[in-house]
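Please look over the sequence and the model before reading on.

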Amino acid sequence: MVAMNIVITGGSGFVGSYLSERLINDGHNLIVVDNLLTGSTENIRDLMDDKNFSFIEHDVQNHIEIENKVDYVLHFASAASPKAYTEHPVNTLKAGSIGTLNTLGLAKKHNSQYLLASTSEVYGDPLISPQNEEYWGNVNPNGERSMYDEAKRFAEAAVATYSRSYDIKAKIVRIFNTYGPRMQLNDGRVVTNFIFQALQDNNITIYGDGSQTRSFSYVEDTVDGIISLMQSNEYDVFNIGNPNEITVLELAQKIIELTNSKSEIVFKSLPSDDPKQRKPDISKAKSKLGWEPKVNLEDGLIKTIDWVEYKLTTE
Ligand SMILES: NC(=O)c1ccc[n+]([C@@H]2O[C@H](COP(=O)([O-])OP(=O)(O)OC[C@H]3O[C@@H](n4cnc5c(N)ncnc54)[C@H](O)[C@@H]3O)[C@@H](O)[C@H]2O)c1
């Protein structure tokens, strides 16, 4: 890609910080817009002194003004874990709705390209598996996760509408469960939760009977997929994730094995609207973007375990 002026919202979060690193390393000028709700400047510490990098502390629910020319807008700002969006429900609703309109407004003003970070949660509790991009989903419009799921569905509608109405060149990435170093340790996401519990030989808590499935993509694979989409001439919706499906119980057992833990597995009741199955169909990304994930679960888990271990010893 030729060097561009890029604005990324949510760039100090987990996925956003890896993406920011890649974009700076690829020679772009980058502005991160983030209110630090769930992100941290620690994640982008190495970028702070780069002459091509700047950081604006700002909530995307408020108007975003950038003076210099913007070539590309990436909208990643949103609480993303069930724990985080339950703690910040209104901000999550607004980041997905008003925040998407504000970032689209920025793209419209600058005639920039646009990429929305959507989510596999737009498929809700899916009635088909694997989920391909044609599937419209099975979502509870006013359930306990609706501030996230429905805001992201609205965000997709907003991108499609602005793109049709104002000829904005826009792309949507539906990210499936992504894991790796820099995830917050206390935000309830299953991989870090289990590792955290296993490393301390505490009980590993499974919600439900553990038969629900998830497919985990290592963060570098997810970011490769997003960059491939950015670089392509495809203005469309793409699933990015790892189709390697595993039950939550198998994940817990694998983490116990890899950490040599004495943890026992305990079962608690399932929260409402927890999807029973999650597996991306990535054939579109494979054929049109030439992308597929490379990191197998065990290798990714080992890197994540090392990182959680490091965090536990340094904090
Ligand atoms: N990690 C995943 O598995 C996953 C899966 C599907 C979709 N996504 C999407 O990817 C994006 C990033 O997710 P993540 O896992 O890195 O989460 P994260 O919580 O680590 O990062 C989100 C970032 O957005 C910022 N933010 C939140 N609300 C904001 C607001 N109102 N204004 C400005 N900044 C705000 C946070 O401070 C944080 O830096 C989100 O849009 C999420 O929906 C992630």
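The sections below describe the surroundings of the ligand and then a pair of helices.

## Basis of the report

The structure is a predicted model.

## The shell around the ligand

The ligand is surrounded by 31 residues. Asp34, Thr38, Tyr148, Lys152 and Thr178 are the closest of them. By class, 14 residues of the shell are nonpolar, 13 are polar and four are charged.

Several secondary-structure elements contribute to this shell. At least two residues each come from helix 1 (14-25), helix 3 (89-96), strand 5 (113-119) and helix 5 (146-166). Strand 5 gives the largest share, three residues.

## Polar contacts and burial

In the case of Ser12, an N or O atom of the side chain is 3.4 Å from a ligand oxygen. A nitrogen atom of the ligand, in turn, lies 2.8 Å from an N or O atom in the side chain of Asn91.

Taken alone, the ligand exposes 820 Å², and the protein buries 98% of that area.

## Helix 6 and helix 10

Helix 6 spans residues 190-199, and helix 10 spans residues 297-314. Their axes come within 10 Å and cross at roughly 60°. The crossing of helix 6 past helix 10 is right-handed.

How values were computed
Residues are numbered from 1 along each chain as its sequence is written. This is a predicted model: local features need pLDDT of at least 70, side-chain atom pairs count only at pLDDT 80 or more; totals for chains, interfaces and linings use all residues. Side-chain values use heavy atoms; hydrogens and water are left out. A residue is near a molecule or strand if one of its heavy atoms lies within 4 Å of it. A polar contact is a pair of N or O atoms within 3.5 Å; within protein, one must be able to donate a hydrogen and the other to accept it, and residues adjacent in sequence count only if both atoms are side-chain atoms. Accessible areas come from the Shrake-Rupley method with a 1.4 Å probe; for residues, only the protein chains shown count as cover. Helices (H or I, at least four residues) and strands (E, at least two) are DSSP runs, numbered from the N terminus. Ala, Val, Leu, Ile, Met, Phe, Trp, Tyr, Cys and Pro count as nonpolar, Asp, Glu, Lys and Arg as charged, and the others, Gly among them, as polar. Axes are lines fitted to C-alpha atoms, for helices over the stretch in contact, and angles run from 0 to 180 degrees between N-to-C directions. A crossing is left-handed if the near helix is turned anticlockwise from the far one by less than a right angle, and right-handed if clockwise.
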